[in-house]
Amino acid sequence: MTVLEGDGTSEEPLADPHGDPFLRTRFAVPARPVTYLRRERLNRHLDEALRTPLTMVNGSAGAGKTLLVADWVERLDGLPVAWLTTEAAGDGPGMFWAYLLRALRTAGVALPADIGFPADANRVSPALQARLAAQLSVREEPVVVVLDEFDRVTAPEIAEQLEFVLRHAGPGLRLVLVTRTEPLLPLHRYRAAGELTEIRGAELAFTAPEAARLMELHGLRLPPAAVRALVERTRGWAAGLRLSALAAGQSPDAEACLKEFEADRSAIADFLLAEVLKRQNAETQDLLLRAGLLDRFCPDLADALTGRTDAAPILERLSRDNAFVEHLGHGLYRLHPLFAEILRAHLRLRLPGLEPELHRRAADWLRRAGRLTEALGHGAAADDWEFTAGALVDDLAIGQFFTGPRSDAVTGLFARMGAGSTGPAPELVRAADRLARCEIDDGLTHLRRARHDLAEDDGTAAARLSCALLEALAARLSGAPERAEDAAREAQELRNEVPAELLERHPELTALLLDHLGSARLWAGRFEEARDALSTVADSAPEAATALPREDALGRLALIDHLDGWPGRAERKAHAALAETERFGLPQPSGSGVERLVLAAVAIDRDELGQAQALLDTSADAHPAMRDPVLAAGRALTTARLHLARGEPGSALKAVEPQLAAAAVSPWARGQSALVAAAAHLAEGRTDTAASLLRDVSDEQPACAVGAARVRLATGRAADAVRLLDRTHPERHAGPAVAVRAALVRAQAADEAGDAVAARRLVVRALAEARRERLRRPFREAGPWIRPHLGSASLHWLTTGWLAPGTGATPHTQPPPPVVEELSGREHDVLRRLALAMSTEEIAADLYVSVNTVKTHLKSVYRKLSVNRRNEAVRRARELDLL
């Protein structure tokens, strides 16, 4: 067997997704006790595991599963063995895969850097499993992966992900599951294919001869009849036999003791209490009873619960004597779970009412030790919410309500806090909880109470900074830019009063604050100031704690680019926003979803209406704390534009009719709404109404100036339309989406004036500008006058390959053959970048995946589009309106 440290081919993460050191004991093959009995019949059966992808050793607790597999793997010469003992405390997908990757590296399996690493304990990116399966599938010799105590893995998604890797890793992986329950894998499929090795409880049970040899290892020589009776009573259960042997070894009459022993749960509990707990001295009994409340602990924490200073030698002795206390390394211990459960029940009987006090002591010690997560759990268990809320606020961790791997856990924990808890910290927590659900009025009520309490109690700088963060969020959600600026100024002053290590420990607070400020500025139409704040967030170091505000900031930067008429820039930033959450395995969609709205708006400009609708549908589930007026306005405008593109002006008007609940009016939202409404009225022939809507819109908005010029053109005032464009020069102040439309308005005016040469020159300018961004929609909007120009042979070179869908410029003689199979979302991402002439390496870097993964997607795209080359795929996709 080979159990080595990683060979350094990739940078190994130093901590798990919770930020805690990896527990090395979880990768260690358990040592067999001197009384372990090797059973060759089971080892021979396990040898079949090298010939089947999946092996399951399934039996009840104490059946001897783990020691059997541990003994077997010790005899596997030359094969790498990755051992991982799963834990209930880390059963989220992210934690599971982080530990499994670490186990593989510990076993000497070289994994490339692009495999990835899940930063969220509860989530993992599908790309990680694909990369891992691909890496294992090319191995010359298999890796044996043993997942001990797999019954603790209860999340169906983990089982699905694991089965995916097993299925695609091929002969490079041999998976051995040690479990008490039936795993959530499709065992029937493996069983039917002859690809499953199974060892179950009946086979694990000791036979009478084996039980006799086990008794001999414990120093007991029993008559065959006594052994048979013991096997019959215990049904060959390994733990029952061993506990019987331990009990009999302490009795003057071994045979009589074995006759009385029963292997039911109460008997084992009685045995553990009588033979383990009650044999200890009073100090040890007291320590064990109190430590039963802890998951894992160090001697100092145990001392905090006992009020003494003798935990270190006691725990060392108990661990050495195998008295159901396990040393985990790094000075940490834990009790056997069954023993701990029995101790907790016994504590309530022996010392009723002490449990809450012990939780308080543990919470206080853990808080002082900087272990906030555990401190919060014990504070909640003690029902001491003033302490628990104060610990969260004073640690500057209030941002965990909104972002980061622990946001769901924090929200769930404080959901148990009752109304009786008073003071600034509980009120801040209630405000955060309400605002996280977009309950603005209730959130503001609790914020006012918290600010009042802070003023009276002279609250800490961390509490006041937390209050400023929530004020900024409330201002953002309310559409109150000036209040957001006030909160940001207050926060900047308070930062100097807060310990620097707190700010470094919680980068999410600064990221959230700037994201709220940037969004409020965006609502106010102060695009450059908004860009400054949002760019600071987007350019911050990538961390799981700040992934959501970075995603949101990139999405809103994309929205600014879209409003300024730069669809290509907007699209790139929107895709970068989506990649932020994917790289850390966070849910999709997540954040505000504004980036998907931007992609939908770009798709509309390109006349890709099906894709626009799909993006709109996936953007519906936004994080409640980010459902601000910017998002609401963006959704309404994009929906209305899609209705217009489909020829549904009445539906477009309804989409922009609702008044947004905001404290301040947004100039761009008002202008864009008027622009869409004017286009809808114009489509239905109400030119006067359209003109009145745009009359009061500021000429400083280039898109609105072009819309107003188009209305004047529609009312027969071509000269006025051109003068308006000459005065405002929208082409100078905006990107191609605006410049193309302005050129087409000028071209139509020239065409109506009979100046064919000028009209053609302007159409050529518009085509050249639109071709780079694939902007088809402006030509659909232009009307019938443009068709002769687009259909002319001399302009064919400008329209071929991109303008055909929906424009009638170069109609197909027959419809293209259908797609064999619908492209996946990731295949669409690869295809779009292919159309931008990006190399395979550039696509991989842009999508944060490996080059091999991109090649796999390309092969699938070629197959589905029935093509063999890149340029053919792009051309075919455009024919099918997939780009």
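Analyst: Start with the largest cavity. Its lining holds seven nonpolar residues, three polar and one charged. This is a predicted model: local features need pLDDT of at least 70 and side-chain atom pairs pLDDT 80 or more, while totals for chains, interfaces and linings use all residues. Residues are numbered from 1 along each chain as its sequence is written, and side-chain values use heavy atoms, without hydrogens or water.

User: What makes a lining residue nonpolar, polar or charged?

Analyst: The residue type decides. Ala, Val, Leu, Ile, Met, Phe, Trp, Tyr, Cys and Pro count as nonpolar; Asp, Glu, Lys and Arg as charged; the others, Gly among them, as polar. The lining of the largest cavity includes Leu559, His562, Gly634, Arg641 and Trp668.

User: Why is a space called a cavity and not a pocket?

Analyst: On a 1 Å grid over the protein atoms alone, a cavity is a set of points where a 1.4 Å probe fits but cannot get out; a pocket is an open set with protein on both sides within 12 Å along at least five of seven lines. Lining residues have an atom within 4 Å of a point. Six cavities reach 30 Å³ or more, and the largest holds about 80 Å³.

User: Which helix gives the largest share of the lining of the largest cavity?

Analyst: Helix 32, with four residues. Helix 28 (547-563), helix 30 and helix 32 (629-645) each supply at least two. A helix here is a DSSP run of H or I with at least four residues, numbered from the N terminus.

User: What is the volume of the second largest pocket, and which residues lie nearest its centre?

Analyst: The volume is about 1200 Å³, taken as the space filled by probe spheres set on the grid points. The lining has 48 residues, with Ser824, Gly825, Arg826, Glu827 and Asp829 nearest the centre. Helix 44 gives the largest share, seven residues. By class, that lining has 18 nonpolar, 14 polar and 16 charged residues.

User: Why are helix 45 and helix 46 called roughly perpendicular?

Analyst: Their packing angle is about 110°, with the axes 8 Å apart. Axes are lines fitted to C-alpha atoms over the stretch in contact, and angles run from 0 to 180 degrees between N-to-C directions. Under 35 degrees is roughly parallel, over 145 roughly antiparallel, 65 to 115 roughly perpendicular, the rest oblique. Helix 45 and helix 46 are therefore roughly perpendicular.

User: How do you know which way helix 23 runs relative to helix 26?

Analyst: The axes of helix 23 (residues 461-478) and helix 26 (residues 507-523) cross at roughly 30° and come within 9 Å. That makes the two helices roughly parallel. Their crossing is left-handed: the near helix is turned anticlockwise from the far one by less than a right angle, whereas clockwise would be right-handed.

User: What is the angle between helix 36 and helix 39?

Analyst: Helix 36 (residues 702-714) and helix 39 (residues 736-752) cross at roughly 20°. They are therefore roughly parallel. This crossing is left-handed. Among the residues that meet are Val706 and Arg710 in helix 36 and Val745 and Glu752 in helix 39; contact means heavy atoms within 4.5 Å.
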